[in-house]
Amino acid sequence: MLKENYSVIGVMSGTSLDGIDLAHITFTKRENWCFKIHASETVAYPKAWFKKLQALTQNTLRELEAIDMDYTVFLSQTIKQFITKHNLVDIDAVCSHGHTALHQPEKGLTYQIGNLEFLSDLLETTVVCDFRTQDVDFGGQGAPLVPIGDELLFSEFDFCINLGGFANVSTRIASERIAFDICPVNIVLNKYVRTLGFNFDDAGKIAESGTLNPRLLEQLNALEFYRQPHPKSLGLEWTEAEVFSVIDKFKLPVNAILNTVVEHIAIQISQVITTVESPSVLMTGGGVYNSYLLSRIEALSNLKVTIPKPEIIEFKEALIFGLLGVLRMRNEVNCLQSVTGAQRNHSSGKIYKPQNQQVC
């Protein structure tokens, strides 16, 4: 008999490299899914790990496997500290995304470090992880995975948009949930603002002080990805090859780069959400704190977005990976064919149990 209540820890590390997001959540299943976030925090990466993760695409597969081992240990230590700090007991599972090292679904490749089986032994609890691999094996993009959470937890909104390393959107067309990556966001903005000694552009003030470069904007908006139909997803490799290479040719001041990239992001997002008249839009992710970016999205879209409370802004992805883990433990669909382009809906993710118990 399936349980009604689950106590889990959702763990997420995104391409913006803000850190590891952790959230302790209880999920309750009655007629619909309900949730409560009891504790949450983001643990910033130490400088050595930040540099290592920033350069993942430059490593061979053998080197990535060695990094994977070390990262799994580091991840377990971070999760243990969270459990101790918040006095957590009787956890049903740790549900972890890991950190994306490779994502080339068109080649049948996706690799998230931190998803190794021995993570469950180190934590001495059940771990549900590696949510992308099966979907890619089924011919899907392996991303985005969050839309199942939008469907089950936030269905009152026409659009759910996350402004993280990339902007991604989830919506309904007819009776189907569809979702896709829109464009890069913090993975680009943070890279250039760090050259000024900042981790991020506070409220977008540096971007706002810059001057728009029309030629750069035109070249960014002309990238082939934006003309492709969904399902589609983005990765660090694409950003390095298609975006950084274009920006760096212009040799612009940082504030001009940021201003132009913000306008590019706002244009791409507005083109998606203005397909519906008077849409309701839930906006989450670290990019929500870039008030200049939000003002440009609102100006181009002629709407007011809904900004939820901070725990949803910052930990929605950790929350939903917790839900993905619960659905996997119940052997219920957590990966939607209409979103990823896989051959069918399926229940994705590996379940690892400690002390050499059965692996699912």
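What percentage of the contacts in the protein chain between residues at least 6 apart in sequence join residues at least 24 apart? The share is 70%, where a contact means heavy atoms within 4.5 Å.

1. Basis of the note. This is a predicted model, in which local features need pLDDT of at least 70, side-chain atom pairs count only at pLDDT 80 or more, and totals for chains, interfaces and linings use all residues. Residues are numbered from 1 along each chain as its sequence is written, and side-chain values use heavy atoms, with hydrogens and water left out.

2. Overall dimensions. The protein chain has 13 helices and 12 strands; these are DSSP runs numbered from the N terminus (helices H or I, at least four residues; strands E, at least two). Its radius of gyration is 20 Å, close to the 21 Å that the globule rule gives for 360 residues, so the chain is as compact as a globular protein of that length. The radius is taken over C-alpha atoms, and the rule is 2.2 Å times the number of residues to the power 0.38. Along the principal axes, the C-alpha atoms fill a box of roughly 60 × 45 × 40 Å.

3. Burial. Of the 360 residues in the protein chain, 57% are buried, that is, under 20% relative accessible area with a 1.4 Å probe, protein chains only.

4. Strand β7 (residues 127-129) and β12 run antiparallel and are joined by 3 bridges, with Val128 opposite Ile351 in β12.

5. Axes are lines fitted to C-alpha atoms, for helices over the stretch in contact, with angles from 0 to 180 degrees between N-to-C directions.

6. The four-stranded sheet. Another open sheet has 4 strands in the order β10-β9-β8-β11, again with mixed pairing. Here β10 (176-184) and β11 stand at the edges with a single partner strand each, so one side of each lacks a neighbour in the sheet. The twist averages 15° from one strand to the next. Strands β8 and β9 (residues 166-173) run antiparallel and are joined by 5 bridges; Asn162 stands opposite Asn168 in β9.

7. Nonpolar cores. A nonpolar core is a set of buried Ala, Val, Leu, Ile, Met, Phe, Trp, Tyr and Cys residues joined through side-chain atoms within 4.5 Å. The largest has 51 residues, and those with the most contacts inside it include Leu163, Ile269 and Ile297. Its largest share, 10 residues, comes from α10. Not counting residues up to four places away in sequence, Ile269 touches Ile161, Leu163, Ala167, Ile182 and Ile297. Apart from this core lies another of 34 residues, among them Tyr6, Cys95, Ile148 and Ile351.

8. Helix α11 (residues 291-301). Its buried residues are Tyr292, Leu293, Leu294, Ile297 and Ser301. They pack against β8 (159-163), α7 (205-209), α10 (254-273) and β11 (281-284). Just after α11, Asn302 takes a positive phi of about 55°.

Technical notes
Buried means under 20% relative accessible area, exposed over 50%, partly exposed in between (1.4 Å probe, protein chains only). Two strands pair if DSSP finds at least two bridges between them.
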